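Reader: I'm new to reading protein models. Could you walk me through one?

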Amino acid sequence: ELVYRLDGAEDIAKIQVAPAKMDNTDEGKRIQEEIGTHMITDPESIKTIYEVLASMTCYGASGWDKIDYGAEDAPSDGAGGSHRAVRLGRYLTITTAYGNEIDGLKYTAVSDMFYEFSGIAYSPLEAEQAEAVRRALGIDLPQ
C-alpha cells in the first residue's frame, strides 16, 4: 500500500501472466510457448489476487531457503522436475491504475508461494487461497 499506492483491487488495472523461464532447454521452451502469456483484466480475478497478496507475510530478503520453486527436484538430465517447475510457475507484471508496473513478483504452485527475484519470500498460501490463485493464473496441477 505504501510503496505501490494499492489500497484495493480497483487500484490494479491488469495483471500480465507469463510462464516461468527457469528451464531454457528445448523442452522447457516448448512448455513456455504452450503456456503462453496472457492478461488478467476481469475484476473478480484481480480481486482474488489482490486479497491473497494483501494477506501474506513477507519473510524478507535473502529468503531463498524458504522458497520451493522446483529446481531442487530437477534431475541432472534436465527432464522431470525442472519441466514441472515451468508448468507450475508464473511471472506476474501488475499494472496499477496509475500506470506503474510491478514486475518482480513470481508464483510457484510447487509450494503455493509468491516470491521475488531478489530472494524475498512470502508465506505459503492456505489451500483455498492457492486454489483460487492457480485458477486465476491458469495453472493446472498435474494429475
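Author: Let's start with a pair: in strand β4, Arg90 stands opposite Pro19. This is a predicted model, where local features need pLDDT of at least 70 and side-chain atom pairs count only at pLDDT 80 or more, while totals for chains, interfaces and linings use all residues. Residues are numbered from 1 along each chain as its sequence is written, and side-chain values use heavy atoms, with hydrogens and water left out.

Reader: Which strands pair with β1, and in which sense?

Author: Strands are DSSP runs of E, at least two residues, numbered from the N terminus, and two of them pair if DSSP finds at least two bridges between them. Here β1 and β4 (residues 89–96) are antiparallel over 7 bridges. β1 also pairs with β2 (residues 38–40), again antiparallel, over 3 bridges. There, Val17 has His38 as its bridge partner.

Reader: Is Val3 buried or exposed?

Author: Buried means under 20% relative accessible area, exposed over 50%, and partly exposed is in between (1.4 Å probe, protein chains only). Val3 has 68% relative accessibility, so Val3 counts as exposed. You'll find Val3 in the segment before β1 (12–19).

Reader: What is the volume of the largest pocket?

Author: A pocket is an open set of points on a 1 Å grid over the protein atoms alone, where a 1.4 Å probe fits, with protein on both sides within 12 Å along at least five of seven lines; lining residues have an atom within 4 Å of a point. The largest pocket has about 520 Å³. Its lining has 17 residues, and those closest to its centre are Glu1, Tyr4, Leu6, Leu53 and Tyr122.

Technical notes
Helix = DSSP H or I, 4+ residues; strand = E, 2+ residues; numbered from the N terminus. Points joined across faces, edges and corners; volume = space filled by probe spheres on them.
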